[in-house]
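Here are some notes for your reading of this model. Please keep the structure open while you go through the points.

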Amino acid sequence: MESKDIKALVDSAIKDLSYIKQEKQAEIIQNLRTMMAEGQVAIEVVNRFEKTLERNGSCLPDDIVEQREEARQFSKELSKKLSQRLRLDELLLEHQKASSHRIYTHKVTKLSQIISKAEEWVEEAKGTVD
């Protein structure tokens with residue numbers, strides 16, 4: 001085989017590998033988008049997808065990065081609110097706001113736990129009154 005034939009073969013292989021890499025990146029992004037379309041996704045999962053994409057020489061799409069940042073900002077605001085005494089209806093309102101985000105943080109999980117406990121207490125209180 002002549003050197004120009006080898007060079008053409010190598011160039012072709014590089015193009016093929018590049019195409020496969022792009023396909024893999026698109027597949028990773030589509031898997032994340034599918035998960036987000038089906039329900040909320042933990043921020044840790046989004047971060048793992050980001051690391052995988054970075055290893056493949058790519059990054060998260062801007063819209064997902066923006067959604068993650070919105071979730072982080074909501075989490076900060078939620079943290080401040082949870083440091084105060086909130087009524088059950090206020091907790092439920094915050095939970096409703098949280099459910100509008102496709103990405104959630106551990107603070108949103110904590111909010112769900114607090115609501116669950118509050119609802120249990122309300123039921124127990126109703127039982128003692130009846």
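1. Glu50 has a relative accessibility of 16%, and because the cut-off for buried is under 20%, Glu50 counts as buried. Its salt-bridge partner is Arg68, with 2.8 Å between the closest N and O atoms. Glu50 belongs to helix H2 (residues 43-55) and Arg68 to helix H3, so this pair ties together parts that are 18 residues apart in sequence. Arg68 is buried as well, at 7% relative accessible area. Bear in mind that the model is predicted.

2. A salt bridge also joins the side chains of Arg33 and Asp63, at 2.7 Å from N to O. Arg33 is in helix H1 and Asp63 in helix H3, so the pair ties together parts that are 30 residues apart in sequence. Arg33 is partly exposed at 31% relative accessibility, and Asp63 is partly exposed at 33%.

3. The structure has 8 salt bridges. Among them is the one between Asp89 and Arg87, whose closest N and O atoms are 3.1 Å apart; Asp89 is partly exposed, with a relative accessible area of 43%. Lys81, Glu94 and Lys97 are linked in a network of salt bridges.

4. Which residues of H3 are buried? They are Ile64, Arg68, Ala71, Phe74, Ser75 and Leu78. These residues lie on the same side of H3, because they cover an arc of only 125 degrees around the axis. An α-helix has 3.6 residues a turn, so residues three or four places apart point the same way. The face of H3 turned away from the buried side carries the exposed residues Asp62, Glu66, Lys76 and Lys80. Helix H3 (residues 62-82) reaches 30 Å from its first C-alpha to its last, close to the 30 Å expected for its 21 residues.

5. Helix H4 (residues 88-99) has 12 residues, and the 16 Å between its end C-alpha atoms agrees with the 16 Å it should span at 1.5 Å a residue. Leu91, Glu94 and Ala98 are buried in H4. They cover an arc of only 60 degrees around the axis, which puts them on the same side of H4.

6. Ile14 is in helix H1 (residues 3-38). Together with Ile6 and Val10, Ile14 makes a nonpolar surface patch of about 250 Å².

7. As for the whole chain, there are 5 helices and 2 strands, running α-β-α-α-α-β-α from the N terminus on. The radius of gyration is 24 Å, whereas a compact globule of 130 residues would have one near 14 Å. The C-alpha atoms fill a box of roughly 95 × 25 × 15 Å along the principal axes. Of the 130 residues, 25% are buried.

Key:
Residues are numbered from 1 along each chain as its sequence is written. This is a predicted model: local features need pLDDT of at least 70, side-chain atom pairs count only at pLDDT 80 or more; totals for chains, interfaces and linings use all residues. Side-chain values use heavy atoms; hydrogens and water are left out. Patches are made of residues with over 30% relative accessible area and no salt bridge: like charges are joined within 9 Å, nonpolar side chains (Val, Leu, Ile, Met, Phe, Trp, Tyr) within 5 Å. Accessible areas come from the Shrake-Rupley method with a 1.4 Å probe; for residues, only the protein chains shown count as cover. A salt bridge is a side-chain nitrogen of Lys or Arg within 4 Å of a carboxyl oxygen of Asp or Glu. Helices (H or I, at least four residues) and strands (E, at least two) are DSSP runs, numbered from the N terminus. The expected span of a helix is 1.5 Å times one less than its number of residues. Buried means under 20% relative accessible area, exposed over 50%, partly exposed in between (1.4 Å probe, protein chains only). The arc is that of the directions from the helix axis to the C-beta atoms. The radius of gyration is taken over C-alpha atoms; the globule rule is 2.2 Å times the number of residues to the power 0.38.
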